[in-house]
Amino acid sequence: MSSSAPALVRRTIAPTTARALGRVAVELAESFRSPFDPELVAAVDRRAPELPSEVAEAVQPPGDDGAVIISGLQVDDAGLGPTPESWRAAGTAGFDFELIMLLLARSAGQPFGWRGQQNGRLINTIVPSRGREREQTGASSATTLAPHTEDAFHPGRAHLMLLGCLRNPDRVGTTVSSVRRVRLTDDHRRTLAEPVLPILPDSSYGTDHDQDSARPTPPVWDGPEGPTLRYDPAYTPLERADADYRAAYGQLAAELDRVKITAVLDPGELLLIDNDLAVHGRVPFTARYDGTDRWLKRVNIRLADRARRPAEADEDGFGEELVEPFGRQQPSTDPLAG
Ligand SMILES: [Fe+2]
């Protein structure tokens with residue numbers, strides 16, 4: 001990357017705040033040995049408001065760039081143990097950092113998981129997995145992970161997403177593109193604002209979904225605060241659209257590529273992504289499979305005060321259910337949201 005390449009804004013947490021966060025995480029880890037402990041949620045709810053206000057400021061929505069890097073936190077590499085071979089093998093590895101992420105996520109909004117993904121865990125493990133190198137999921141490695149909205153197929157998808165880095169020895173880049181930075185002709189904007197094609201669930205949720213219930217959704221529309229994005233080309237059946245639509249969609253893809261920013265996360269750094277403004281992806285890399293691989297954690301966050309398009313209220317999300325121990329909030333929609 002040249003020195004003039006665009007970079008994301010960095011929010012650096014001060015050492016005193018980082019220590020306060022780490023202390024609370026360690027105390028929680030000593031009391032709750034597992035992320036599945038039902039008492040953990042109440043404890044996080046109790047402890048998150050006690051944290052310095054800088055924590056809540058660090059996880060404010062990123063603005064028009066669509067993403068920021070949060071730095072200033074430390075990871076004890078020796079204490080982590082080997083990078084697990086899959087999310088199933090992760091167990092409680094990295095639990096302290098998961099708790100830091102949970103505290104950050106709770107300071108931002110409502111952390112949630114998915115019943116059908118990684119057994120409903122609130123904090124997901126992202127590691128390269130053998131045999132899945134070329135999938136369009138976080139378990140891949142050898143292929144470019146195409147830019148996408150997280151869980152674009154679902155009306156309850158995250159408003160914000162936190163990706164936390166435990167290990168990234170080969171400095172593998174995560175890519176981010178903001179819809180607020182793309183240029184589209186008026187014709188293309190009008191075309192893309194029409195609900196023409198559905199977005200189908202990605203293969204991390206299995207492959208046996210009933211496609212008959214799929215509702216078409218626009219990839220770009222004007223929300224109350226500007227252009228808003230819902231985009232996952234790998235799971236959008238573009239061949240069903242006419243040539244004009246395909247041309248507009250192709251222009252959107254080219255523009256998202258043009259404005260793409262590559263962020264290389266170091267251990268302890270987090271990428272906070274606005275999932276309504278920015279798509280994210282990953283450059284290809286060669287997995288090591290020797291216990292030192294790239295290792296990220298992910299948490300999805302919903303914001304109580306952010307609405308979605310009213311038409312999304314009619315979507316069933318292909319039957320995928322949210323796991324919402326921090327509150328049973330239905331996906332909200334707003335008549336003004338387009
Ligand atoms: Fe993703």
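Val24, Leu28 and Ser31 in helix 1 meet Leu40, Ala43 and Arg47 in helix 2, where meeting is a contact, that is, two residues whose C-beta atoms, placed from the backbone, lie within 7 Å. By class, the residues of this contact of helix 1 with helix 2 are 4 nonpolar, 1 polar and 1 charged; Ala, Val, Leu, Ile, Met, Phe, Trp, Tyr, Cys and Pro count as nonpolar, Asp, Glu, Lys and Arg as charged, and the others, Gly among them, as polar. The model is predicted, and local features need pLDDT of at least 70, side-chain atom pairs count only at pLDDT 80 or more, while totals for chains, interfaces and linings use all residues. Residues are numbered from 1 along each chain as its sequence is written.

**The chain as a whole**

- The protein chain has 7 helices and 14 strands, both being DSSP runs numbered from the N terminus, with helices (H or I) of at least four residues and strands (E) of at least two.
- With 338 residues, a compact globule would have a radius of gyration near 20 Å, and the 19 Å of the protein chain agrees with that; the radius is taken over C-alpha atoms, and the globule rule is 2.2 Å times the number of residues to the power 0.38.
- Taken along the principal axes, the box filled by the C-alpha atoms of the protein chain is roughly 55 × 40 × 40 Å.
- Of the 338 residues in the protein chain, 43% are buried, a residue being buried if 20 or more other C-beta atoms lie within 10 Å of its own, exposed if 12 or fewer, and partly exposed in between, with C-beta atoms placed from the backbone.
- Among contacts between residues at least 6 apart in sequence, 83% join residues at least 24 apart.

- The axes of helix 1 and helix 2 (residues 38–47) cross at roughly 160° and come within 11 Å, which makes helix 1 roughly antiparallel to helix 2.
- Axes are lines fitted to C-alpha atoms, for helices over the stretch in contact, and angles run from 0 to 180 degrees between N-to-C directions; angles under 35 degrees count as roughly parallel, over 145 as roughly antiparallel, 65 to 115 as roughly perpendicular and the rest as oblique.
- The crossing of helix 1 and helix 2 is right-handed, where a crossing is left-handed if the near helix is turned anticlockwise from the far one by less than a right angle, and right-handed if clockwise.
- Helix 1 (residues 15–31) also packs with helix 5 (residues 95–108), at an angle of about 120° and with the axes 9 Å apart, and helix 1 is therefore oblique to helix 5.
- Leu21, Gly22, Val24, Ala25, Val26, Leu28 and Ala29 in helix 1 face Phe95, Asp96, Leu99, Ile100 and Leu103 in helix 5 across their contact, whose residues divide into 10 nonpolar, 1 polar and 1 charged.
- The crossing of helix 1 and helix 5 is right-handed.
- Helix 2 and helix 5 have axes that cross at roughly 60° and come within 10 Å, and helix 2 passes helix 5 in a right-handed crossing.
- In that pair, Val44, Asp45 and Arg47 of helix 2 meet Leu102, Leu103 and Arg106 of helix 5, giving 3 nonpolar, no polar and 3 charged residues.

**Residues in loops**

- Threonine 92 is found in the loop between helix 4 (77–80) and helix 5, and is partly exposed because 13 other C-beta atoms lie within 10 Å.
- Leaving aside neighbours within four places in sequence, threonine 92 is in contact with Arg33 and Ser34; threonine 92 and arginine 33 are 59 residues apart in sequence and 7.9 Å apart in space, C-alpha to C-alpha.
- Glycine 138, in the loop between strand 4 and strand 5, is buried, with 23 other C-beta atoms within 10 Å.
- The C-alpha atoms of glycine 138 and leucine 238 are separated by 22 Å, with the two residues 100 apart along the chain.

**Positive phi values**

- Most residues other than glycine have a negative phi.
- Asparagine 119, in the loop between strand 3 (110–114) and strand 4 (123–126), has a positive phi near 55° and is partly exposed, with 13 other C-beta atoms within 10 Å.
- Aspartate 151, in the loop between strand 5 (145–148) and strand 6 (160–167), has a positive phi near 50° and is buried, with 24 other C-beta atoms within 10 Å.
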